[in-house]
Amino acid sequence: MSIKISSQFDAGAIDVVSAISAGAIDLNIRKDSHADITQWFYFRLQGAQGEACTIRFLNAGKTAYPDGWNDYQAMASYDRVSWFRVPTSFDGEVMTITHTPEMDSVYYAYFEPYSWERHLELLDRAQLSEQVRMLDLGSTVDGRDINALVIGNPQAAKKVWVIARQHPGETMAEWFVEGMLDALLDPADGYGRQCLKEAVFYVVPNMNPDGSVRGNLRTNAAGANLNREWNTPSMARSPEVFVVKNKMLETGCDLFLDVHGDEGLPYVFVAGSAALPTFTSEQAAAEKLFSDLFKVASPDFQDQHGYGDAPYTPETLTMGSPHITHAFGCLSLTLELPFKDNANDPDPHCGWDGARSARLGASVLQAIVQFLKANK
Ligand code: ZN
């Protein structure tokens with residue numbers, strides 16, 4: 001039986017160089033659809049049940065984040081529900097998966113995907129709650145809907161904004177949002193209940209629908225990195241940011257979380273706005289308070305490892321969280337989840353995955369409500 005590799009499905013992405021036999025599968029990681037960014041992969045292999053496969057990614061050393069392949073284990077699944085890690089190595093140029101599939105069809109991906117269909121189901125499920133209104137903010141370059149969920153009373157004193165997947169290949173961000181929404185809308189969840197007494201939540205589960213479906217890591221269908229568009233978004237290049245930023249200016253914002261995935265660091269961490277020349281000691285104290293509260297709420301969150309101090313550059317205000325601190329003065333954080341694992345508490349079978357991201361999303365409500373109560 002001959003083997004076959006395909007990627008014509010939601011978020012599929014790979015370039016096949018040569019796939020003659022299971023022992024010699026040579027691939028290249030594909031570029032984003034409209035930008036020179038190479039990192040996300042997701043493909044299906046058929047016809048290799050019981051055969052020792054050697055899958056080589058020839059251009060891994062030339063991708064956007066080559067360090068992301070050090071100590072990285074690729075994900076695989078037979079049913080796209082249960083994902084597990086498979087032995088993966090990187091020699092600085094070529095990344096190699098060695099795996100013997102147990103079934104006729106197996107999927108491999110950079111990280112557990114979060115499908116467009118699941119995104120729509122997440123929105124649908126949320127709107128069944130009487131606490132929720134769904135807003136249509138506009139359309140993407142490809143014509144997909146940009147939706148925000150409004151949860152709680154829009155007249156509430158505090159406005160919390162949570163956005164995810166500006167970088168579409170960082171699918172852990174939408175798993176995080178799913179877990180957060182499920183807890184927020186669970187009438188039996190004490191922190192969810194308390195959150196909605198303190199604030200209204202505006203949640204954009206997927207900031208980059210086109211990039212998600214196209215299988216991009218970092219950019220939309222116009223080739224824009226949305227997290228560099230916040231200072232001057234436009235309907236032509238970055239309608240996703242344009243419409244969300246306009247809505248934020250209309251509603252106001254007291255707390256902003258922008259959820260991402262980090263290719264290199266095997267930790268959960270936040271990046272703040274200390275680079276801003278206008279950054280105040282009160283804003284620094286707010287960032288520290290939130291981190292301290294989040295550490296109590298989840299043992300997966302930590303503040304020992306992160307990006308460190310970044311200098312102020314012309315790029316700073318183009319990024320979501322510093323831009324929102326600049327515009328609203330509020331606590332505004334980029335939350336990073338790992339592609340690899342949490343090195344403080346690793347899981348050799350799954351690594352960091354969708355389920356862990358979702359649990360982290362549920363736990364953030366404790367930190368948010370305690371932060372809001374401390375800042376009345
Ligand atoms: Zn990101």
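**Zinc site**

I began with the geometry at the zinc ion: its 4 donor atoms make angles of 55 to 148°, and the site is irregular. The model is predicted, so I kept to its limits: local features need pLDDT of at least 70, side-chain atom pairs count only at pLDDT 80 or more, and totals for chains, interfaces and linings use all residues. Residues are numbered from 1 along each chain as its sequence is written, and side-chain values use heavy atoms, with hydrogens and water left out.

Next I listed the protein donors: His167 (ND1), Glu170 (OE), Glu170 (OE) and His260 (ND1), at 2.1 to 2.5 Å from the zinc ion. Donors here are N, O and S atoms within 2.8 Å of the metal (3.2 Å for Na, K and Ca); water is not among the atoms, so sites may look incomplete. Along the chain the donors of the zinc ion are spaced H-x2-E-x89-H. Glu170 and His260 link distant parts of the chain, 90 residues apart. Glu170 is in the loop between strand 13 (158-164) and helix 2 (172-184), and His260 is in strand 15 (residues 255-262). I took helices (H or I, at least four residues) and strands (E, at least two) as DSSP runs numbered from the N terminus. Glu170 and His260 are both buried. Buried means under 20% relative accessible area, exposed over 50%, partly exposed in between (1.4 Å probe, protein chains only).

**Pockets**

I then looked up the largest pocket, which has a volume of about 1000 Å³. A pocket is an open set of points on a 1 Å grid over the protein atoms alone, where a 1.4 Å probe fits, with protein on both sides within 12 Å along at least five of seven lines; lining residues have an atom within 4 Å of a point. Grid points are joined across faces, edges and corners, and the volume is the space filled by probe spheres set on them. The largest pocket has 41 lining residues, with Val270, Ala271, Gly272, Tyr307 and Gly308 nearest its centre. Helix 6 gives the most to this lining, 4 residues. The lining of the largest pocket divides into 13 nonpolar, 16 polar and 12 charged residues. Ala, Val, Leu, Ile, Met, Phe, Trp, Tyr, Cys and Pro count as nonpolar, Asp, Glu, Lys and Arg as charged, and the others, Gly among them, as polar.

The second largest pocket holds about 340 Å³ of space. Of its 14 lining residues, Tyr42, Arg80, Trp83, Pro113 and Ser115 are closest to the centre. That lining has 8 nonpolar, 1 polar and 5 charged residues.

**Cysteines**

I found 0 disulfides in the structure, a disulfide being a pair of cysteine sulfur atoms within 2.5 Å. The closest cysteine sulfur to that of Cys330 is in Cys253, 3.9 Å away, too far for a bond. Cys330 is buried at 9% relative accessible area.

**Backbone**

I checked phi last. Most residues other than glycine have a negative phi. Ala11 has a positive phi of about 70°. Ala11 is in the loop between strand 1 (4-6) and strand 2 (15-21) and is buried, at 9%. Asp71 also has a positive phi, about 60°. Asp71 is exposed, with 73% relative accessibility.

Conventions
Tetrahedral: all angles 85-135°; square planar, octahedral: opposite > 155°, others 65-115°.
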